[in-house]
Amino acid sequence: MTDAPPTASSRTSAIIAAPREALWRAFTDPAALEAWQAPGEMTGKVHAFDLRVGGGYRMSLFYPAAEPADRGKTTEREDRYTARFVELVPPTRIVQAIAFDAADPAFAGEMTMAVTLAEVAGGTEVTIAFERIPPGIRPEDNDAGTRASLEKLARHVAARADADGPVGTGAGG
């Protein structure tokens with residue numbers, strides 16, 4: 001008999017009306033990550049960022065004050081994690097190994113997040129696949145959070161396109 005809980009996975013996709021280069025920038029720019037990666041009403045803060053294989057970033061996701069306390073994995077209202085870039089294939093694929101900063105063993109371990117960006121009619125299909133989700137995170141909650149983040153991502157790249165002019169011509173990401 002083993003004490004190791006089974007690991008879970010999830011896979012979430014959305015078609016976003018933007019070129020994959022714009023989406024690549026949104027996944028690889030710390031200011032963009034702060035704008036869209038925290039799901040729902042949560043907010044994000046990137047503490048350090050190093051865009052290279054073997055590099056990565058540290059980020060906090062903060063729960064809004066309106067939500068009940070003790071939601072966070074790191075503190076009452078914060079989920080902090082470290083992401084290490086395992087694979088970077090511009091502008092099509094990003095693989096990260098993610099570890100939460102949490103004392104609770106239910107959130108221990110390293111999960112993998114693989115992002116693929118595929119050109120399709122009408123934009124880019126963004127697929128985010130998670131493997132080895134810690135047992136303290138229900139796969140359906142992970143999926144719901146990912147869907148909410150993808151909705152924010154779509155709004156973020158649309159707003160950037162409006163600010164930068166026609167899609168694909170702006171210098172920002």
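In what order do the elements of the protein run from the N terminus on? After that, what does helix 1 meet in helix 3?

A: This is a predicted model: local features need pLDDT of at least 70, side-chain atom pairs count only at pLDDT 80 or more, and totals for chains, interfaces and linings use all residues. Residues are numbered from 1 along each chain as its sequence is written, and side-chain values use heavy atoms, with hydrogens and water left out.

The order from the N terminus is β-α-α-β-β-β-β-β-β-α. That comes to three helices and seven strands. Helices (H or I, at least four residues) and strands (E, at least two) are DSSP runs, numbered from the N terminus. Of the protein's 173 residues, 42% are buried. Buried means under 20% relative accessible area, exposed over 50%, and partly exposed in between (1.4 Å probe, protein chains only). A contact means heavy atoms within 4.5 Å. Among contacts with a separation of 6 or more, 49% join residues 24 or more positions apart.

Now helix 1. This helix covers residues 20-28. Seven of its nine residues are buried, so helix 1 is largely enclosed by the rest of the structure. The buried ones are Arg20, Ala22, Leu23, Trp24, Ala26, Phe27 and Thr28.

Its partner here is helix 3, residues 139-164. The two pack at an angle of about 115°, with axes 10 Å apart. Axes are lines fitted to C-alpha atoms, for helices over the stretch in contact, and angles run from 0 to 180 degrees between N-to-C directions. Helix 1 and helix 3 are therefore roughly perpendicular to each other. The cut-offs are these: under 35 degrees is roughly parallel, over 145 roughly antiparallel, 65 to 115 roughly perpendicular, and the rest oblique.

Who touches whom? From helix 1 come Ala22, Leu23, Ala26 and Phe27. They meet Leu153, His156 and Val157 of helix 3. By class, this contact has six nonpolar residues, one polar and no charged ones. Ala, Val, Leu, Ile, Met, Phe, Trp, Tyr, Cys and Pro count as nonpolar, Asp, Glu, Lys and Arg as charged, and the others, Gly among them, as polar. The spacing in sequence is worth a look. An α-helix has 3.6 residues a turn, so residues three or four places apart point the same way.

Next, Gln37, in the loop between helix 2 (30-36) and strand 2 (43-50). At 11% relative accessibility, Gln37 counts as buried. The Gln37 side chain makes a polar contact with the Tyr81 side chain, at 3.3 Å. A polar contact is a pair of N or O atoms within 3.5 Å; within protein, one must be able to donate a hydrogen and the other to accept it, and residues adjacent in sequence count only if both atoms are side-chain atoms. Leaving aside neighbours within four places in sequence, Gln37 also contacts residues including Tyr57, Met59, Met113 and Ser149.

Ser60 lies in strand 3, residues 56-62. Its relative accessibility is 0%, so Ser60 counts as buried. The side chains of Ser60 and Glu78 make a polar contact at 2.4 Å.

Finally, the backbone. Pro90 and Pro91 are joined by a cis peptide bond, with omega about -15°. Arg132, in strand 7, has a positive phi of about 60° although it is not a glycine. Most residues other than glycine have a negative phi, and most peptide bonds are trans.
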